[in-house]
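Dear colleague,

I am handing over the structure below, and my notes on what was found in it follow directly after. Please read them alongside the coordinates when you have a moment.

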Amino acid sequence: MADIIAEVMAHLPKDAEITSCSFEGANIIVYTKSREFFLDSGTAIKDIVNLIKKRVELRPDPSITTDMEDAEKKIREIVPAEASVSNVLFDPQRSQAIIETEKPGVAIGKTGEVLREIKKETFWVPLIRRTPSIRSKLIENIRMVLYENNDFRKKFLDKVGKRVYSGWTRGRKEEWVRISVMGAGRQVGRSCFLVQTPESRVLLDCGLDVAGQENDMFPYFDTPEFKIGEIDAVVVSHAHLDHCGMIPLLFKYGYDGPIYCTEPTRDVMALLALDYINIGWKEVKKPLYTSSDVKEMVKRCICLNYEEVTDITPDIRMTFYNAGHTLGSSLVHLHIGNGLHNFMYTGDLNYETSNLLAAANTSFPRLETLMIESTYGGKDDNPPPRRESERELLEIINKTAERGGKVLMPVLGVGRSQEIMIILERAMREGLIKKMPMYIQGLVWDVTAIHTAYPDFFNSKVRKSIFHEGQNPFMSDLFKQVAGQKEMQQVIESGEPCVILATSGMMTGGASVEYFKALAENPKHSLILTCYQGEGSFGRRILNGEKEMSFGVGEGRSEVLKMKMELYNISGFSGHSSRNQLINYIYRIEPKPKRILIIHGESSKCLDLASSLHKMQKVETTAPRNLDAIRLR
Ligand SMILES: [Zn+2]
């Protein structure tokens with residue numbers, strides 16, 4: 001294991017004055033006491049990288065870094081005022097200075113010259129972070145948790161690296177790859193898959209079925225091959241509860257390893273988990289986990305960018321690619337056993353450029369097995385094009401506003417809501433609909449704030465309008481944050497037309513249900529459903545035409561509500577691919593996979609897509625059930 005460290009050390013020049021060498025996940029960090037070598041290591045580091053094909057980073061030994069107070073003063077002098085530095089934090093164990101700024105580009109300088117100057121003047125390694133344009137308490141908290149746990153993080157990341165480079169600890173045997181379906185087999189919800197090789201145990205997603213009942217909400221944790229103490233790594237494709245909702249629970253059960261995801265996924269995942277706990281308390285159900293489990297999760301997140309290749313176990317190398325579904329959502333590509341097998345899990349995917357994101361990536365170095373979602377994979381799942389849906393949405397809003405009504409849109413906090421915000425902001429700016437307030441309920445607002453911290457994940461059009469035209473659609477003053485019960489009441493009681501975006505999208509709880517109760521009996525209001533409505537969810541019951549529903553009002557009593565508001569279902573804003581897009585995606589993907597596993601769809605849709613693809617593409621297709629285990633190699 002220490003072999004790789006010994007190899008790095010052996011290739012460094014004698015006068016480099018190396019004091020230590022450790023891991024940060026799969027990266028190797030070398031600390032030097034020589035100021036000269038730190039500022040100019042020539043080709044020494046590059047040569048080692050070429051030799052061992054791993055990322056190697058050079059940092060100053062903590063003993064040569066400038067005193068923090070002086071360093072902060074110098075940093076603030078060096079970084080141009082235009083960058084608006086909001087905060088400078090130090091990670092003394094890792095010799096890093098974290099600089100939070102509104103304009104990272106300015107703080108970095110044209111070719112990184114500002115960073116070089118900081119290094120030269122302070123002997124700290126500068127790290128630039130974007131201050132979100134909309135202030136986010138959550139991002140501040142997450143950054144603080146990471147900052148306060150610097151010492152823990154250093155040891156933890158070194159431990160992860162030791163495992164990655166440990167070689168074969170479970171004994172080298174015949175090579176094989178196997179995947180067990182612990183959830184999302186012929187269903188939408190509770191995504192969870194265990195990838196095993198003789199050496200590695202990797203969990204892909206760990207979600208809950210939001211619309212499920214108590215006994216079928218969770219993944220099959222009793223799958224015989226799932227042993228929490230043996231899991232090497234957990235990978236999260238994106239921050240929707242049906243993919244990440246059970247992650248904090250793993251820590252409660254004793255998991256102690258890394259969570260791999262993108263930065264936006266980490267932040268939104270933490271937010272959703274905290275919100276989930278909160279809803280649990282409100283409904284007087286004991287939450288499954290607490291905020292301290294969420295904190296343990298955040299402390300162990302290893303964030304990666306798209307197309308950044310990383311070893312996550314001795315025989316699995318992982319790469320994320322854009323999935324086009326939500327901010328930071330990833331296709332998860334696993335290169336297993338030094339070329340033995342290449343596997344890709346799509347998470348949820350959208351093969352269409354939306355108003356917010358670019359279409360899912362189609363080109364990969366190698367690929368033998370593709371495991372793809374099929375939420376809208378059924379024969380009839382070809383919703384109208386996005387443009388048409390946009391027109392329909394604006395029409396409904398105009399009509400409702402004309403009769404003085406409000407438009408309630410239950411949305412998923414992540415993805416669809418921001419997509420709709422962009423459409424409505426543009427429509428009001430261009431005069432296609434009357435200007436009216438758009439009320440953004442708490443969670444949606446917080447998620448939007450997180451969006452403003454990571455504009456690099458948007459599609460090129462939105463990026464361009466933010467970076468080059470200085471126009472951030474999320475900063476429009478037509479958006480009004482609704483922070484609590486009192487403000488919510490004011491929105492309900494105001495006589496003015498407005499649009500309300502509130503979670504949950506399937507109306508399984510949360511503000512969307514509260515608003516619905518208040519507005520449902522008045523025919524001048526409109527309800528617009530835009531996302532997938534899970535079987536058994538309240539949203540699905542409304543879609544199925546239920547007009548009278550009873551609600552508990554406490555003390556065992558209930559009230560009957562007669563639904564009179566207008567109901568619309570617009571499916572064109574989906575963050576998922578339609579059936580045609582799924583088929584098209586598989587047709588375009590390069591290289592062509594030899595085998596396709598179809599998951600994350602209702603039973604009939606999975607089976608139907610599997611048989612259609614088999615006929616069209618002449619590939620082996622399988623629609624595994626929960627608890628099925630499939631040998632890939
Ligand atoms: Zn999703």
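**Strands, helices and domain contact**

Strand 2 and strand 3 (residues 56-60) run parallel and are joined by 5 bridges, with valine 30 standing opposite leucine 58 in strand 3. Please note that this is a predicted model, in which local features need pLDDT of at least 70 and side-chain atom pairs count only at pLDDT 80 or more, while totals for chains, interfaces and linings use all residues. Residues are numbered from 1 along each chain as its sequence is written. Helices (H or I, at least four residues) and strands (E, at least two) are DSSP runs, numbered from the N terminus, and two strands pair if DSSP finds at least two bridges between them.

Strand 2 also pairs with strand 1 (residues 18-24), here in the antiparallel sense and over 6 bridges, and isoleucine 18 stands opposite threonine 32 in strand 2. These two strands form a hairpin with 2 residues between them, and glycine 25 in the turn has a positive phi of about 60°. Of the 6 residues of strand 2 (residues 27-32), 5 are buried (20 or more other C-beta atoms within 10 Å of the residue's own; exposed is 12 or fewer, partly exposed in between, with C-beta atoms placed from the backbone).

The protein is divided into domain 1 (3-63), domain 2 (66-147), domain 3 (175-380 + 576-631) and domain 4 (386-569), with bounds that come from an automatic or database domain assignment. The centres of domain 1 and domain 2, taken over C-alpha atoms, are separated by 23 Å. Their contact takes 6 residues from domain 1 and 7 residues from domain 2, where contact requires C-beta atoms, placed from the backbone, to lie within 7 Å. On the side of domain 1 that touches domain 2, helix 2 (35-39) and strand 3 are the elements that give two or more residues, and helix 2 gives the most, with 3 residues.

In helix 6 (residues 113-122), the buried residues are Val114, Ile118 and Thr122. They cover an arc of only 45° around the axis, which puts them on the same side of helix 6; the arc is that of the directions from the helix axis to the C-beta atoms. Helix 6 is followed by phenylalanine 123, whose phi is positive, near 55°.

Helix 15 (residues 442-451) has 10 of its 10 residues buried, so it is largely enclosed by the rest of the structure; among them are Trp445, Asp446 and His451.

With best regards

How values were computed:
Two residues are in contact if their C-beta atoms, placed from the backbone, lie within 7 Å.
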